[in-house]
Amino acid sequence: MHLSREAIGNRLQEERKRLGLNQDVFASQVGVAKRTLAGYEGGTGEVGALVLAHAAALGVDVLYVVTGQRTPEAASSFSGDEVALVEHYRQLPDGDRQHTHKMMTALAEMAGRYDVKT
């Protein structure tokens, strides 16, 4: 977990971009000036709780911004296929789990690299 202002600013910027918002719009939505937001993202300013609360309302993963760890998804948000995958994964011996993890990581990276659509 990296808690420096720079790391938090980088993750805040990453989340803003993930949501498809430019600095002008995001700053307005969280109630700060664009220059202040640029300071947060550049690691020269300290993001306050109120700004993070407004950012959360926009869909920012605040746990990720602050700690670097993504907020876990609730199991209730999983589709039937996803639930089945997890159940099958849990039935595997440890060695097979490691191989499965490597395979799924490689497939996800390949899909991202080639923008594979299902």
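The legends below describe views of one chain in a predicted model.

**View 1. Helices along the chain.**
The chain contains seven helices and zero strands. Followed along the sequence, its elements give the pattern α-α-α-α-α-α-α. One of these elements, helix 7, covers residues 94–114.

**View 2. Overall dimensions of the chain.**
Along its principal axes, the C-alpha trace spans about 50 × 30 × 30 Å. The radius of gyration of the chain is 18 Å, whereas a compact globule of 118 residues would have a value near 13 Å.

**View 3. Surface and interior.**
The chain has about 8,400 Å² of accessible surface. Carbon and sulfur atoms account for 55% of that surface. Of the 118 residues in the chain, 23% count as buried.

**View 4. Contacts between residues separated in sequence.**
This view concerns contacts between residues at least 6 apart in sequence. Of these contacts, 57% join residues at least 24 apart.

**View 5. A nonpolar patch on the surface.**
Five side chains are labelled here: Met103, Met104, Leu107, Met110 and Tyr114 form a nonpolar patch on the surface. Together these residues have about 520 Å² of accessible area.

Is Met104 buried, partly exposed or exposed? Its relative accessibility is 43%, so Met104 counts as partly exposed. The cut-offs behind this label are under 20% for buried and over 50% for exposed, with partly exposed in between.

Terms used: Residues numbered from 1 in each chain as written. Predicted model: local features only at pLDDT ≥ 70, side-chain atom pairs only at ≥ 80, totals over all residues. Heavy atoms only, no water. Patch = residues over 30% accessible without salt bridge, like charges linked within 9 Å, V, L, I, M, F, W, Y side chains within 5 Å. Areas by Shrake-Rupley, 256 points an atom, 1.4 Å probe, with all protein chains shown as cover. Salt bridge = Lys/Arg side-chain N within 4 Å of Asp/Glu carboxyl O. Helix = DSSP H or I, 4+ residues; strand = E, 2+ residues; numbered from the N terminus. Buried < 20%, exposed > 50% of the residue type's maximum accessible area, 1.4 Å probe, protein only. Rg over C-alpha atoms; globule rule 2.2 N^0.38 Å. Contact = heavy atoms within 4.5 Å.
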